[in-house]
Amino acid sequence: MKAPVNVESLAEALSISIEHQDLDDSVSGFLVKKDGRNIIGLNQRHPEVRKRFTISHEIGHFKLHVDTPLFVDFYKGSMLYRTNHKRQDYKMEKEANTFAAALLMPQSLISNEISKMSDDMDYDSKLLLLSQKFEVSQQAMDFRLKTLGHYDYGF
């Protein structure tokens with residue numbers, strides 16, 4: 001596996017079709033499981049890095065929450081959330097966000113890329129290079145790095 005992870009190919013391998021749609025700006029995407037079909041609806045106007053995260057997030061729902069037929073996800077800051085704020089919904093959204101981050105930014109690939117970087121580089125420069133390499137937002141990469149223990153005082 002190499003960066004960036006091809007999430008579109010993964011969706012196809014899982015028999016999930018991706019449909020780019022004209023959605024309200026607050027709607028990132030959705031997953032529908034109906035009549036034996038699996039569809040990710042994707043906001044065609046969102047930036048590519050957000051689309052990649054949304055696809056990964058919806059794949060997370062597909063793999064982790066098999067008994068739930070519909071997910072409509074909205075962005076709030078940099079993370080995806082559902083409109084319903086029930087405790088179970090929050091838990092499922094957190095699980096799908098964690099899945100998406102691990103899918104897009106696998107720990108082993110991040111470690112490999114970090115090992116290639118100069119110790120003289122500052123955090124912001126490393127963050128920019130990694131986010132470009134993995135085709136994710138800097139905010140998503142920053143969160144992932146900190147989750148993996150790579151804090152902003154250096155790697």
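The views come from a predicted model, in which local features need pLDDT of at least 70, side-chain atom pairs count only at pLDDT 80 or more, and totals for chains, interfaces and linings use all residues. Residues are numbered from 1 along each chain as its sequence is written, and side-chain values use heavy atoms, with hydrogens and water left out.

View 1. A salt bridge is a side-chain nitrogen of Lys or Arg within 4 Å of a carboxyl oxygen of Asp or Glu. The structure holds 8 salt bridges. Helices (H or I, at least four residues) and strands (E, at least two) are DSSP runs, numbered from the N terminus. Glu19 counts as partly exposed because its relative accessibility is 30%. Arg37 also counts as partly exposed, at 45%. Buried means under 20% relative accessible area, exposed over 50%, and partly exposed in between (1.4 Å probe, protein chains only).

**View 2. Arg45 forms a salt bridge with Asp25.** The closest N and O atoms of the two residues are 3.2 Å apart. Arg45 lies in the loop between S3 and helix H2 (48-64), and Asp25 lies in the loop between S1 and strand S2 (27-34), so the pair ties together parts that are 20 residues apart in sequence. Arg45 has a relative accessible area of 45% and is therefore partly exposed. A network of salt bridges links Asp22, Asp25 and Arg45.

**View 3. Asp142 and Lys146 pair within helix H6.** Their salt bridge has its closest N and O atoms 3.2 Å apart. Both residues lie in helix H6 (residues 138-147), 4 residues apart, about one turn of the helix. Asp142 is buried, because its relative accessible area is 19%. Lys146 is partly exposed, with a value of 31%.

**View 4. Arg50 and Glu135 are 85 residues apart in sequence.** In space, the C-alpha to C-alpha distance between Arg50 and Glu135 is 9.5 Å. Arg50 lies in helix H2. With a relative accessibility of 25%, Arg50 counts as partly exposed.
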